[in-house]
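The entries follow in the order I made them.

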Amino acid sequence: MKRVLILTVAILSSIVAFSQKIGHIDRAALIKSMPETADVEKRLGDIQQEYITAYQNFEQELNTLIQEYQANEKTWPAAIKDSKMKAIQTKEQQLGEFEQSASTDVQSQQQALYQPIIDKAAKAIEDVAKENGFTYIIDSGLGVLLYMGGEDILELTKKKLQIPATPATPAPAPKK
């Protein structure tokens, strides 16, 4: 009796396991295809360019101080040389702090600008999964997909977001 019960539970478990519908999507490809992504990329590029320009100006000021010091160090009295050297060191420190601050700001801006797109994509994936009876959706873009079974829901999700379908890749011409 105990064996029959165990066998019955095992059979029912395998039936339940096989009745689950699994899909996959390359979430990064979906996000890249969303129109909002191009706007975010342009905005981030503009922000980065502003920081690059400011950095170059800082760097030019530092180079001017260094050139002035090198040109006059032999003729300046010790007090002026010390003062100019401190000015150079201060400018180098400011440049390093600016670089760090700029990098941190660009990363936080990137996170803030992409988050609504990521949320929208996640909601669309969830809606498509529910509408089509999927139990699991696996992100195939992460490189951890061991088997490409199930359905790719990228095109269904693009349709949900009203993004044009990706054109099919033509088959390679046969070799002669």
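This is a predicted model: local features need pLDDT of at least 70, side-chain atom pairs count only at pLDDT 80 or more; totals for chains, interfaces and linings use all residues.

Ile22 lies in strand S1, which covers residues 22–25. On the surface, Ile22 belongs to a nonpolar patch with Tyr136 and Ile138. Together these residues have about 250 Å² of accessible area.

The largest nonpolar core has 19 residues. Which of them touch the most other members? I noted Ile25, Leu30, Met34, Val40, Ile117, Ile153 and Leu161. Helix H2 (27–33), H3 and helix H4 (78–131) are the elements that give two or more residues to this core. H4 gives the most, with eight residues. Apart from this core lies another, of five residues, including Leu62, Tyr69, Trp76 and Leu95.

I then checked the contacts of Ile153. Leaving out residues up to four places away in sequence, Ile153 touches His24, Ile25, Ile125, Val128, Phe134 and Ile137.

My last entry is on Thr37, in helix H3 (residues 35–72). Is Thr37 buried or exposed? Thr37 counts as buried because its relative accessibility is 5%, and the cut-off for buried is under 20%. Its side chain reaches the backbone oxygen of Ile31 at 2.5 Å. With residues up to four places away in sequence not counted, Thr37 touches Ile31, Lys32, Tyr114 and Ile117. Ile117 was already in my notes, among the core residues that touch the most other members.

How values were computed:
Residues are numbered from 1 along each chain as its sequence is written. Side-chain values use heavy atoms; hydrogens and water are left out. Helices (H or I, at least four residues) and strands (E, at least two) are DSSP runs, numbered from the N terminus. Buried means under 20% relative accessible area, exposed over 50%, partly exposed in between (1.4 Å probe, protein chains only). A polar contact is a pair of N or O atoms within 3.5 Å; within protein, one must be able to donate a hydrogen and the other to accept it, and residues adjacent in sequence count only if both atoms are side-chain atoms. Contact means heavy atoms within 4.5 Å. Patches are made of residues with over 30% relative accessible area and no salt bridge: like charges are joined within 9 Å, nonpolar side chains (Val, Leu, Ile, Met, Phe, Trp, Tyr) within 5 Å. Accessible areas come from the Shrake-Rupley method with a 1.4 Å probe; for residues, only the protein chains shown count as cover. A salt bridge is a side-chain nitrogen of Lys or Arg within 4 Å of a carboxyl oxygen of Asp or Glu. A nonpolar core is a set of buried Ala, Val, Leu, Ile, Met, Phe, Trp, Tyr and Cys residues joined through side-chain atoms within 4.5 Å.
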